[in-house]
Amino acid sequence: MLLGGGGARAAYQVGVLKAIAELVPEGCDNPFPIICGTSAGSINAVALASNASRFHAGVAQIIAVWSNFELHHVFYADAKSLFKRIVRWAWSNLGPGTWHQGPSSILDNRPLRDLLNKYISFDRIDESIAEGHLHGYALTACSYTSGESTTFYDGVPEIENWLRTHREGQREKMSIDHLMASSAIPVLFPSVKIGEEHFGDGSMRQISPISPALHLGAEKILIIGLRTKVAANEFEPPRYRPTLGQIAGYVLDTLFLNSLHSDIERMERMNRTLQASGDDNNDSLRIIEHLVISPSKDIANIAMCHFLELPKSFRIALRFLGMAKANSRRLISYLMFTKTFCRELIELGYDDAMAQKDDIIEFLKK
């Protein structure tokens, strides 16, 4: 299984997992022996891996957490903490202050660390690997120090490290630090030091998101994407130049969504080439069976329906940063950690997965 990044949008993945849990027999073995994630997807991936020996109970726990999300579970969103942080960040990074002594990000996401410590057990993951419930799992982060895309993984001894241009995979005993690093959206959340390097969101410089699953030994991959297919010319001509909020939203779209779908296109093109040549069983190249589930509705539009549920202090902070509701819907959808928004995305993911019910059942059978 491959779970991409997308901040609060990752609630959609939870809905797909809910549907899958209904489609497989109660008490069955973990249907995903290899689980890979990036950014917010890495949190869902590790939560699944943490419950590999009890798939249904694990999915139920993930649903419960996401169904009750509030902004303060992810970062401090009260007026005092928020504005103090923004002013200190601006003073240190944009004003006359000393940049390396002030906060390194606009938001303080220490509450997320507390939440992850409560629900994630890396010891239980180790037990699942030893007992055969899990073949391997991986999460990806980007090193601000080296500029490399680094996939941290653990699993059966047969899996080996890999090194490719601007990306590498290294076996590591993971911790909450690795999760915080993989989901550290640049500028918004602080980087995390692991070893001698500082790491940020894994979606940065991840030119081949599918690669980690293949290196871990996957021969077929269920991919839960977060990008909506938009019909050609489905937009209105702009009246004004793009705002800061619009630009930031498209930057995050590029980070979280584009590389995964480009990689899917490359994989499908390679599959077609191998099928046409009849050479689909050599050691270096093979046809990769895959199933993609992605939103049938624009998540950014859904976020706008829930905008007023954000704390007033956070809405004022967004406006202070030049990001108004009308022109920042894409950016806001990544930060919409409210339970009503997350519940609607869970329902959307569930419905979209059930619309592909027969494909999912057939995919899991093989």
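Author: Residues are numbered from 1 along each chain as its sequence is written, and side-chain values use heavy atoms, with hydrogens and water left out. Because the model is predicted, local features need pLDDT of at least 70 and side-chain atom pairs count only at pLDDT 80 or more, while totals for chains, interfaces and linings use all residues.

Reader: Which residue in strand 6 is the bridge partner of Tyr153?

Author: The partner of Tyr153 in strand 6 is Arg171.

Reader: And how many bridges join strand 5 to strand 6?

Author: Strand 5 (residues 162–164) is joined to strand 6 by 3 bridges, and these two strands run antiparallel. Arg164 has Arg167 of strand 6 as its bridge partner, and in the hairpin of strand 5 and strand 6, with 2 residues between the strands, His166 takes a positive phi near 65°.

Reader: Switching to helices, at what angle do the axes of helix 3 and helix 13 cross?

Author: The axes of helix 3 (residues 55–67) and helix 13 (residues 339–355) cross at roughly 140° and come within 8 Å, where axes are lines fitted to C-alpha atoms, for helices over the stretch in contact, and angles run from 0 to 180 degrees between N-to-C directions. Helix 3 is therefore oblique to helix 13, since angles under 35 degrees count as roughly parallel, over 145 as roughly antiparallel, 65 to 115 as roughly perpendicular and the rest as oblique.

Reader: Which residues make that contact?

Author: Helix 3 contributes Ile63, Trp66 and Ser67, and helix 13 contributes Lys339, Cys342, Arg343 and Ile346, with contact meaning heavy atoms within 4.5 Å.

Reader: Where is Arg330 found, and what is it in contact with?

Author: Arg330 is found in helix 12 (residues 329–335). Leaving aside neighbours within four places in sequence, Arg330 is in contact with Arg9, Gly249, Tyr250, Asp253 and Ala300.

Reader: How far apart are Arg330 and Asp298 in space?

Author: Arg330 and Asp298 are 9.6 Å apart, C-alpha to C-alpha, and 32 residues apart in sequence.

Methods:
Pairing = 2+ DSSP bridges. Helix = DSSP H or I, 4+ residues; strand = E, 2+ residues; numbered from the N terminus.
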